Amino acid sequence: MKIGVSTSLFLDTDKTLSKALEILEEKVKYVELGCDGNLNIMLKENVEITQSYNLKYTLHCPISDLNLSSYRERIRKVSLDFIKDVLESATKVNAKLLVLHPGYCVFKYDYEKSLSSLIKSLKELNNIQEEFGVQITIENMPSYDMFMFRNPDKEIIENLDELKITFDIGHSFLNNNIQDFLKISDKIAHIHIHDNNGGFDEHLPIGKGKINFNNFNKDLKNINVIKMIELQNKSIGDLDLCINNLKNLLR
């Protein structure tokens, strides 16, 4: 049973990375390290801290500033260059998997150009993945119009090649397409677990939202990847509740 927890639980709190990892080491074997805020794994001192714990790591690229779907070529290229910097950090903490957001398009008129840019980025990411030896995954996004890859669009899926998907269940619930993603489970290399009430991306523990995980718990069992709990600004009690509920689902 591969269960992990993202450091997003402690994002923008007063917790240091060492304190966060100390807490998580008592609860799980896998931790997803972020590149934002107070726990930024791209800081040299934070890389060194990870080596003090008996944990296996995945990495989550920065949430802000990057846009792999930008049709402004310089911005797209800079985003790819920065991802290489993140992958350098991934190799230093021996992380075997990287989670990427696919980017965004603010205006509907620009969608086709943005989609073309994203596909171009996917092609280049395949080369980057081969260079660094870290599995790159693209995360499906919540139901806000500007985000790319809210649905398992054929154009994107067919251009993943050796890239895989981080299947975010909370995001998928907001788009009413959980079963659609489960149909392409062979593309899923990582899963983000959190709950919500169907209105916005709340990152609640399992059981505090409206997602009926029992409807697809057999599918979750059959996808042999890390199930990474991704809560935000929640209590340790919420984390414990989520871990216990997830273990019950996976039994």
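His-203 is situated in the loop that runs between strand 7 and helix 8. This is a predicted model, and His-203 has a phi near 55 degrees, a positive value in a residue other than glycine. With a relative accessible area of 2%, His-203 is buried.

**Backbone: residues with positive phi**

- Most residues other than glycine have a negative phi.
- Asp-161, which is not a glycine, has a positive phi, near 55 degrees.
- The loop between helix 5 (154-157) and strand 6 (164-168) contains Asp-161.
- Asp-161 has a relative accessible area of 39% and is therefore partly exposed, whereas His-203, at 2%, is buried.

**The largest pocket**

- Strand 2 (residues 30-34) makes the greatest contribution to the lining of the largest pocket, namely three residues.
- By class, the lining of the largest pocket consists of 17 nonpolar, 12 polar and six charged residues.

**The second largest pocket**

- The second largest pocket holds about 280 Å³ of space.
- Its lining comprises 15 residues, of which Tyr-30, Tyr-57, Thr-58, Lys-96 and Ile-226 are the closest to the centre.
- Two or more lining residues of the second largest pocket come from each of strand 3 (56-60) and strand 7 (188-193).
- Strand 3 supplies the largest share of the lining of the second largest pocket, with three residues.
- The lining of the second largest pocket divides into eight nonpolar, four polar and three charged residues.

**Ile-226, a lining residue of the second largest pocket**

- Ile-226 is among the residues closest to the centre of the second largest pocket.
- Ile-226 occupies the loop between helix 8 (217-222) and strand 8 (227-229).
- The relative accessible area of Ile-226 is 14%, so this residue is buried, the cut-off for that class being under 20%.
- Ile-226 and Lys-2 are 224 residues apart along the chain, yet their C-alpha atoms are separated by 4.8 Å.

**A nonpolar patch on the surface**

- Tyr-104, Val-106, Phe-107, Tyr-109 and Met-146 make up a nonpolar patch on the surface.
- Together these five residues present about 600 Å² of accessible area.
- Tyr-104, one of the patch residues, belongs to the loop between strand 4 (97-100) and helix 4 (111-132).
- At a relative accessible area of 33%, Tyr-104 is partly exposed; this value is above the 30% that a patch residue must exceed.

- The structure contains 10 salt bridges.
- Glu-73 and Lys-120 form a salt bridge through their side chains, at 3.7 Å from N to O.
- This pair links distant parts of the chain, with Glu-73 in helix 3 (residues 73-92) and Lys-120 in helix 4, 47 residues apart.
- Both partners are partly exposed: Glu-73 has a relative accessible area of 32%, and Lys-120 has a relative accessibility of 39%.
- Glu-124 and Arg-76 are joined by a salt bridge in which the closest N and O atoms are 2.7 Å apart.
- This second pair also links distant parts of the chain, since Glu-124 is in helix 4 and Arg-76 is in helix 3, 48 residues apart.
- Glu-124 is partly exposed, with a relative accessible area of 23%, while Arg-76 is buried, with a relative accessible area of 0%.
- Glu-124 forms a salt bridge with Lys-77 as well, at 3.1 Å from N to O.
- Because Glu-124 lies in helix 4 and Lys-77 in helix 3, this pair ties together parts that are 47 residues apart in sequence.
- Lys-77 counts as partly exposed, at 37% relative accessibility.
- Through shared partners, salt bridges join Glu-73, Arg-76, Lys-77, Lys-120 and Glu-124 into one network.

Definitions and conventions: Residues are numbered from 1 along each chain as its sequence is written. This is a predicted model: local features need pLDDT of at least 70, side-chain atom pairs count only at pLDDT 80 or more; totals for chains, interfaces and linings use all residues. Side-chain values use heavy atoms; hydrogens and water are left out. Helices (H or I, at least four residues) and strands (E, at least two) are DSSP runs, numbered from the N terminus. Ala, Val, Leu, Ile, Met, Phe, Trp, Tyr, Cys and Pro count as nonpolar, Asp, Glu, Lys and Arg as charged, and the others, Gly among them, as polar. On a 1 Å grid over the protein atoms alone, a cavity is a set of points where a 1.4 Å probe fits but cannot get out, and a pocket is an open set with protein on both sides within 12 Å along at least five of seven lines; lining residues have an atom within 4 Å of a point. Grid points are joined across faces, edges and corners, and a volume is the space filled by probe spheres set on the points. Patches are made of residues with over 30% relative accessible area and no salt bridge: like charges are joined within 9 Å, nonpolar side chains (Val, Leu, Ile, Met, Phe, Trp, Tyr) within 5 Å. Accessible areas come from the Shrake-Rupley method with a 1.4 Å probe; for residues, only the protein chains shown count as cover. A salt bridge is a side-chain nitrogen of Lys or Arg within 4 Å of a carboxyl oxygen of Asp or Glu. Buried means under 20% relative accessible area, exposed over 50%, partly exposed in between (1.4 Å probe, protein chains only).
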